[in-house]
Amino acid sequence: MKHHDGQAATGKHERLDHPELPCGTSDWDHRTYGNHRIIVECSSGGLGDAVVVDVPWRRRDTSPADVEVIVLSAASAGRVANVAVLSSDRVCGRVAFEPIDGPGTYEIYYLPYEWSGHIGYLSATYVPRSDEITDSAWHRHADETLPSGKARAVRYESVSARDTFSPMGFVASDEEVAHLVAQGNGNKFLLFPEDRLHPVEMKHFVPARWNTVSPFSTVTGVARRGEFFAFQVGVYGIEDVRDVSVHVDFPLPVRSLATEGVSPRGEAYVDRSLDISAGHVRALWFGIEVPEDLHASRFTGQVHVGEATIDLAIDVAQEIVPRNGTDQPELMTRLSWLDSRIGLDDTVPEPFTPIVRDADTLQVLGRSVTLARSGLPRGITSAFTTEVTSLHGPPRDLLANPITFAGDLDWEWQYDGPVFEHESDARTVWHQRGRGGGLNLLVRGSLEFDGCLEYELEVRSDSGDFYDAGLGLETVLHGDVAKYMMGLGEQGKVCPESFSWKWDVAARNQDALWLGDVNAGLQLSFRDENYRRPLNSNFYRESPLVEPKSWCNNGEGGISIRHTGEECTVRAHSGRIQLDVDEPLRFDFRLLVTPFKPIDSGRHLSERYYHAPNRPEEICEELADPPTPNDPGDLDTLHAYGANIVNVHHATWIAPHINNPLLTSGRLAEYIEAAHRLGIRVKTYNTVRELSTSTPETLALMSLDGEVFTRGTGAIREVFKWAAGAGHIWLQEHLNDTYVTGWYAPNVDDAAIITNGESRWHNMYVCAIDRLAEDVDLDGIYLDEIGFDRTVMKRVRNVLARHRAQPLIDLHSANQFSQKRDGQTSSLNLYMEHLPYVDRVWLGEYIDYDTIDPVYWLVEVSGIPFGVMSDMLENGGNRWRGMLFGSTARAPRMDNRAIWNFWDSVDLPSLNMVGWWAAAERRPVHVDRDDVLVTCWTGESLAVISVASWADRDVEVEITFDEVNLGFGAENVQIDVPDVPGFQAAGNVGPSRRVRVPQGRGCLLVVRPAH
């Protein structure tokens, strides 16, 4: 048996991990017996006897008396059948058992658990206490008489160092806590020194470790030059205290991570107060920025928490550490990244161009916005071609009338004209003031290089209360532009003649709609002034949208669409509203002008993805015991297969920890170096939605009082029938009950918890991506849903672009209409703000490609109207229809070698793509049925045609050509049906140019001038 001692040396000022027992780790079947045990030595007794032992388990579970206790003999590994728990409380239990192998060592397992739930969302439950005793006579002997012998607890052990309760997870007794309180000298809370290696983890219990130190003792430590030296001050509340301030007097720069910081948008805040609750424990983390050029010395100061003070004495050693010590995350040095502004600059990434302003007209890539005197747009144009492959189309006006904000009563605003207050390559900002109807209006607007317009409209009453039938924003699009619609609960479809919608943020992740055509569109989203990005997919209801006070107006507000053919009017309306004097009301909204960039079919077809299975059930019929990590794929095999990009998923041996691949950067570096030698680029799974609890900073981030990890509403517990604080056993034994459990990968035993939609973790996340790109030559990232806003997305793109000429970012999302809990929202509408910075999308999970119509596919799945292209997912998609969009499923779920070989045989990436969505006058090829669609790739003396059918039976279609668009004469051409295994057999098309198209399928044709 292996074990490791973790007990401190004895001494007068000893900080004991456990007050009564030495601590260590060992190996056993934790799936049967749990993660913790107490070793006892029995000095006498044998079969039929009963010995008793006091077990100082100092545990934090809610009902110790209800949990099973298992006793094994160390000599034979036999389970003791006769066990009686004579008493049980949080600090200690008294256990009688039969020493079946006589005197010797026995093991008491006091927290056995069992699993239940979905494989990715398993939850542990402690095994309930069993009162069954094999020998009733022995039970009476143990219960009614003095035991025949005694045993002694000699050691605490955990199954791993990660699972141990040592040193911060053992609870102090009520008497010990009372003794500490008595030393508080009347303070309303106690302060305890604690170092960075022992993060405070319990909220409801004082750690027993604090029994050996007096409250308000000096915080000490040894820092190195150049290091971000982190330390903690533990707080125990005796009384409730609100609005407690924190500040530090120290000769070196010190950051109080709980009360000051920098938001993901780069906004600094200081002097935030905090609350201290009676009977609760919390940790306050601090970081000292130690200069490299400092002389080794001792530095002293004080930390002030409200009216209490604790001394600080830090010795600075001679050693210098590079990069602030962040190569040693176990020392909490990466907490310095919490306030990073990396990637926050005016960089304009490719293919975007700087903003150009000419008077009131602002131009960005392929689009322009012209402002009215109101500061709102009076004109928006797009110069994208209908193929969405270039910017050389005639400018297309989106707006039939200027966008207006007004009331329903008969009055008009008087405006001064927009004032431009900031202009850079990346962002232009303006403001405008208006008056009318007894109101003052302040318009703040901005345009960024990607086509994002953001507005804050602040309305104030001049005097007295103001009543109106309603205030609203009216946007009138040309009818031919508003061809399609997506959002507000409607999946991609032809825009209806009329539509109305009401707010329901508790259940629906809906605040935006997109209206447009493939080459000109507009997303409108309406937000509260305190907008916070909600959680998405399974977890939406845990942290939903903030209901807009103005736009929703207690349920009075809503959005309507009226499409007359010539015009399409969108009205976001507040309903009858009241404005109080001195209480301004904000109407915030955002416009995204689409497409964001041209699609690049050549690049898309040249990038051949290999995306290995990511779930254990996908690589084995039954989960192995223990399960094995997934493998992203042997590189020589991938190279021979034809792949040139590999996505390394989490739960692999290379990157086991979800959303923190930096923890195994050494493995990644070796893999990437080998991949690059073969011409294969490597991306890794790294998104924000949940975070592996193997992250060293987990407990420190938990201390930030709900900033990083969502507390949730309990909605997901209802879905999975979990109790509060459920989930993986590590979560239950080391975190408090204010978390939402995330994905669990059993093959690497990696458990995650859900992060918030906006927090300083996003600053750390961007830093980690920068470090991966710098240190391991990472080529990009794979996003599985997105849990951050467009600002963070821009930062991610910026830091990757610093290290890579052409970084790769792809986005996967599930169909969020498949489950009511998902928020009933379209993924492309939800993530539209991120699409300027994404290279391809993979959205088809839970989508039936055989039943969706072409408009749904185009708008909801393909990404083409927004400037990106896509891959198929669910069940491999429909390969014939997918070719219309340049889409395949991803290898190895689908064997793409035959289709890739065909693409290469005709050099398809070098040809010009003209999709079925292009204007009729731009298409090289036509067929004589509306339910059969054609996409064409054209080049010099060559065309490749993809044909796919939505007809309800097998049909024949006639192929006709437009010679101008085809690029060569069509009178005498040869049309071949190439052999593509798994797709079609070889053949040719006769002089009639009629092609048979099977129901739900299609074909590929190669057209060349006949010789």
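This is a predicted model: local features need pLDDT of at least 70, side-chain atom pairs count only at pLDDT 80 or more; totals for chains, interfaces and linings use all residues.
**Exercise 1: A strand and its partners**

Work out whether strand β11 is mostly buried or exposed, and find which strands pair with it.

*Solution.* 

Step 1. Start with burial, where a residue counts as buried when its relative accessible area is under 20%. Strand β11 covers residues 149–158, and seven of its 10 residues are buried, so the rest of the structure largely encloses it.

Step 2. Now look for partners. Strand β2 (residues 23–25) runs parallel to β11, joined by three bridges. To see one end of that pairing, find Thr-25: its bridge partner in β11 is Ser-158.

Step 3. Move on to strand β3 (residues 36–42). Check Cys-42, whose bridge partner in β11 is Ala-151.

Step 4. Finish with strand β4 (residues 51–55), which is parallel to β11 and joined to it by two bridges. Here Val-52 sits opposite Lys-150 of β11.

**Exercise 2: The largest cavity**

Find out how many cavities of 30 Å³ or more the structure holds, and describe what lines the largest one.

*Solution.* 

Step 1. Rolling a probe the size of a water molecule over the atoms shows where empty space is left. In this structure there are seven cavities of 30 Å³ or more.

Step 2. Pick the largest, with a volume of about 140 Å³. It has 16 lining residues, and the closest to its centre are Asp-511, Ala-512, Arg-527, Asn-829 and Leu-830.

Step 3. Trace the lining back to its elements. β41 (520–527) and α13 (827–830) each give at least two residues, and β41 makes the largest share with three.

Step 4. Sort the lining by class: you get five nonpolar, six polar and five charged residues.

**Exercise 3: The largest pocket**

Describe the largest pocket: how much space lies in it, and which residues lie nearest its centre?

*Solution.* 

Step 1. Get the volume, which is about 1,100 Å³.

Step 2. Look at the lining of 41 residues. Nearest the centre of the pocket are Arg-265, Glu-267, Arg-427, Glu-454 and Thr-791.

Step 3. See which elements contribute. At least two lining residues come from each of β31 (419–423), β32 (427–436), β33 (439–448), β34 (452–461), β45 (585–594) and α12 (790–803).

Step 4. Sort by class again: the pocket lining has 23 charged residues, along with nine nonpolar and nine polar ones.

How values were computed: Residues are numbered from 1 along each chain as its sequence is written. Side-chain values use heavy atoms; hydrogens and water are left out. On a 1 Å grid over the protein atoms alone, a cavity is a set of points where a 1.4 Å probe fits but cannot get out, and a pocket is an open set with protein on both sides within 12 Å along at least five of seven lines; lining residues have an atom within 4 Å of a point. Grid points are joined across faces, edges and corners, and a volume is the space filled by probe spheres set on the points. Helices (H or I, at least four residues) and strands (E, at least two) are DSSP runs, numbered from the N terminus. Ala, Val, Leu, Ile, Met, Phe, Trp, Tyr, Cys and Pro count as nonpolar, Asp, Glu, Lys and Arg as charged, and the others, Gly among them, as polar. Buried means under 20% relative accessible area, exposed over 50%, partly exposed in between (1.4 Å probe, protein chains only). Two strands pair if DSSP finds at least two bridges between them.
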